[in-house]
Protein chains: 2
Amino acid sequence: MVKQSPSLQAEEAVGNGRDRATRGPGRRLHGAIAHKLGTAILSGQYQPGDTLSGEVAFAEELEVSRSAYREAIQVLTAKGLVESRPKAGTRVLPRTRWNLLDPDVLAWAFAGEPDIQFVRDLFELRAIVEPAAARLAAQRRDKDDLKLMKDALAAMRRHTLATEAGRAADRDFHNAILNATRNDALLVLTASIGAAVNWTTQFKQRARALPRNPIPDHVRVYDAIVAGDPQAAAEAMGVLVDLALEDTASAMER
Amino acid sequence: MVKQSPSLQAEEAVGNGRDRATRGPGRRLHGAIAHKLGTAILSGQYQPGDTLSGEVAFAEELEVSRSAYREAIQVLTAKGLVESRPKAGTRVLPRTRWNLLDPDVLAWAFAGEPDIQFVRDLFELRAIVEPAAARLAAQRRDKDDLKLMKDALAAMRRHTLATEAGRAADRDFHNAILNATRNDALLVLTASIGAAVNWTTQFKQRARALPRNPIPDHVRVYDAIVAGDPQAAAEAMGVLVDLALEDTASAMER
DNA sequence: GAAACTGAATTACTCCGACATATTGCAAGG
DNA sequence: CCTTGCAATATGTCGGAGTAATTCAGTTTC
């Protein structure tokens, strides 16, 4: 059991009806369907107000049960992407109703070709939030926070950003800062965006050699937080976000 | 073998098995269950790692079908509150996995007695984001944006904040500003938080007379945006958020 | 004898398909 | 123009088969 064709699961519906569930990014069948529909919607394949295929029709054309389809729709509804009403069908909601900050929605948005404007919006938000977070972290950090940051920094030095371990260390560093703010709302917000955006870092890395050694810039943030200097921490983090934006932008326009 | 309703969940089982769905805040049956479970989790009734009653057991004790329960769980899973695995059951995830910025999650958090620390976190986030939004709005607004803000301001004057119409006008004013930033991510973020927090305004209003005429402070923001002065707009908005925090805090500690 | 491995039984979730019901857009008729 | 009936479509329900992970007993190894 390996390797199904990415296209359809049309024919061999008998025997083991379950293995077709394992193909999609979602672990479960409905997760796979939700991913499929979610990426389709996020990529602009449906316009707001468009009606999806009916429950029965859709389930038939994908050869899945209505239950699986309904659970997938349930997920999309929970994230504000669609709305179902009897007779009217399931319609795509206007963009402003979407939970654009939901981790899954973010992932779907970046699964296809990310909309350049949306990426800019996200970086603008990061540029607002992350320096402010660094500012708070400089005021509230304790010894444990600093140790986490230091360890992450060391890991970043060991592995470079070209490796998965290095990128994980980068995430750890930022998470340690967010943690030090003692603000859960800030933490989940930035973690969601960061995860989605850092995902594009992979693109960047294979697109071209990394244009600049990121370590010194990270160290500047760390030093400011150690020193308890909110203003310097915010400014240093601002530099970090700007650099990330530049890199991502130049990588995307290729 | 047909006909269900062998047992209704309550005594008042009129021939219509659906009306029991309409009693919960959710429009649908599974929505009502999701709301019930969501508020229970958000209010700290379950600790992270706790296992919910199994599918069969739960469905039986609530006298609803397993399907309805499953769809509710699906919603909670989509919002990162729980995770289901075969044999292990459905467990509550750690708080950092929750999509705290999801509108529904926010609503559930405020449905019971809101955690004071969480409210402070949200206001801290607002204090970061909204002034920055006002700054951007001052740079990017066009005539239509200004007209929307002006109309909302006029409506706020006509009805006071004590009326629902007045609060709607308040929301419109803030939304117009967010709209003028041309940043969808910013818009959905602040709209979600604002809706949840403004919901507490109702508490405030009936708790005591509003302590201060909010109109002049709003006008200051508006004037700065009209003038295209980013710095002044950010500062005036900062004042607005601070006042809202004060009001909410004093209302909550009653 | 204790610890680690292996395998089977248990258990809870996952998926399915058929059926009954409620809602509502649409169109025909008043 | 309003009302009413129809038909399409989503919602809720049910029970069963299938699957996978946890658990624990039995075995092996040090």
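Copies are superposed by least squares on the C-alpha atoms of residues with pLDDT of at least 70 in both. On that basis, a rotation of 180° with 0.0 Å of shift along its axis brings chain A onto chain B, at an RMSD of 0.1 Å. That is the relation of a two-fold axis. The model is predicted: local features need pLDDT of at least 70, side-chain atom pairs count only at pLDDT 80 or more, and totals for chains, interfaces and linings use all residues. Residues are numbered from 1 along each chain as its sequence is written, while chains are lettered from A and ligands numbered from 1 in the order in which they are written.

**Interface between the chains**

- Contact joins 27 residues of chain A to 27 residues of chain B, two residues being in contact if their C-beta atoms, placed from the backbone, lie within 7 Å.
- On the side of chain A that touches chain B, α3 (66–78), α5 (116–140) and α8 (184–207) each supply at least two residues; helices are DSSP runs of H or I with at least four residues, strands are runs of E with at least two, and both are numbered from the N terminus.
- The most is given by α5(A), with eight residues.
- By class, this side of chain A has 16 nonpolar, four polar and seven charged residues, where Ala, Val, Leu, Ile, Met, Phe, Trp, Tyr, Cys and Pro count as nonpolar, Asp, Glu, Lys and Arg as charged, and the others, Gly among them, as polar.
- Of the interface residues of chain A, 100% are also interface residues in chain B, so the copies meet through the same surface.

**Hairpin in chain B**

- Strands β1 (residues 82–85) and β2 (residues 89–92) of chain B pair in the antiparallel sense over four bridges; pairing requires that DSSP finds at least two bridges between two strands.
- B:Arg85 has B:Gly89 in β2(B) as its bridge partner.
- Three residues lie between β1(B) and β2(B) in this hairpin, and B:Lys87 in the turn has a positive phi of about 70°.
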